[in-house]
Amino acid sequence: MQTPVILIVEDEEVTRLNLVSLFQGEGYDVIEAVNGEEMNQKLTENQVNLVVMDINLPGKNGLILARELRQRENIGLIFLTGRDSEVDRILGLEIGADDYLTKPFNPRELTIRARNLLNRTVAQPVVEEHKSIVKFNGWTLDENSRNLTSPKGVARRLPKGEYRALRLMLDTPGKIFTREQLIRHMTGRDLRPNDRTVDVTIRRIRKHFESDIESPELISTIHGEGYRFVGKLEK
């Protein structure tokens, strides 16, 4: 199942970063914008499942943006506001918001409301059986042993971090994974300032099967974003 994407639209930096961290901690893919112009750009560039938006934004406010959003997008929308106004709440819901929270709000309540909304609005695809063995470009990765076996039959047992990073990319070929997503999947912790763990791990993985790690053919670096697997899976 593809991870739902949440777009945070909030001009106040501390609040925005807290919201990003909150939803990333719940396992969602999170992107952010500070105003309506950035919001529309991110909606064009990404397949967003839920917008969490402050009403009081610079330029066009959240109510105007919500009306425009509803004319072209059928995605979940939760309003956040610092004004405890019954008129704002009713107007927001009439325009098409699915939910409404007044600041300060309980973070747990917000994540529960977001999850419930996503469960209703995001189509649930048929879940395929998780394969214990994955083959790609002549190589084989075994989940049970963590062995990476070369086309010539030479096996090497990968460290847990390398295995988890490689398996994550193989499970969704072509998808870009950020360093934040990879470090969380590898270690369960958040990315720290100047943390090179992910880059070192990817370099070690590449050494196993790339003929030239400076010009990789299977794991591509997407500058400013992260990494993705661009090889070919075999059945």
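1. Lys103 counts as partly exposed at 24% relative accessibility, while Glu10 is buried at 1% (buried is under 20% relative accessible area, exposed over 50%, partly exposed in between, with a 1.4 Å probe and protein chains only). Their side chains meet in a salt bridge, N to O 2.8 Å (a side-chain nitrogen of Lys or Arg within 4 Å of a carboxyl oxygen of Asp or Glu). Glu10 sits in the loop between β1 and α1 and Lys103 in the loop between β5 and α5, so the pair ties together parts 93 residues apart in sequence.

2. Before you go on: this is a predicted model, where local features need pLDDT of at least 70 and side-chain atom pairs 80 or more, while totals for chains, interfaces and linings use all residues. Residues are numbered from 1 along each chain as its sequence is written, and side-chain values use heavy atoms, leaving out hydrogens and water.

3. The structure holds 9 salt bridges. Another one of them joins Arg16 and Glu32, with the closest N and O atoms 2.8 Å apart. Arg16 is in helix α1 and Glu32 in strand β2, so parts 16 residues apart in sequence are tied together (helices are DSSP runs of H or I, at least four residues, and strands runs of E, at least two, numbered from the N terminus). Arg16 is buried at 9%, and Glu32 is partly exposed at 27%.

4. Asp171 is partly exposed at 40%, but Arg167 is buried at 5%.
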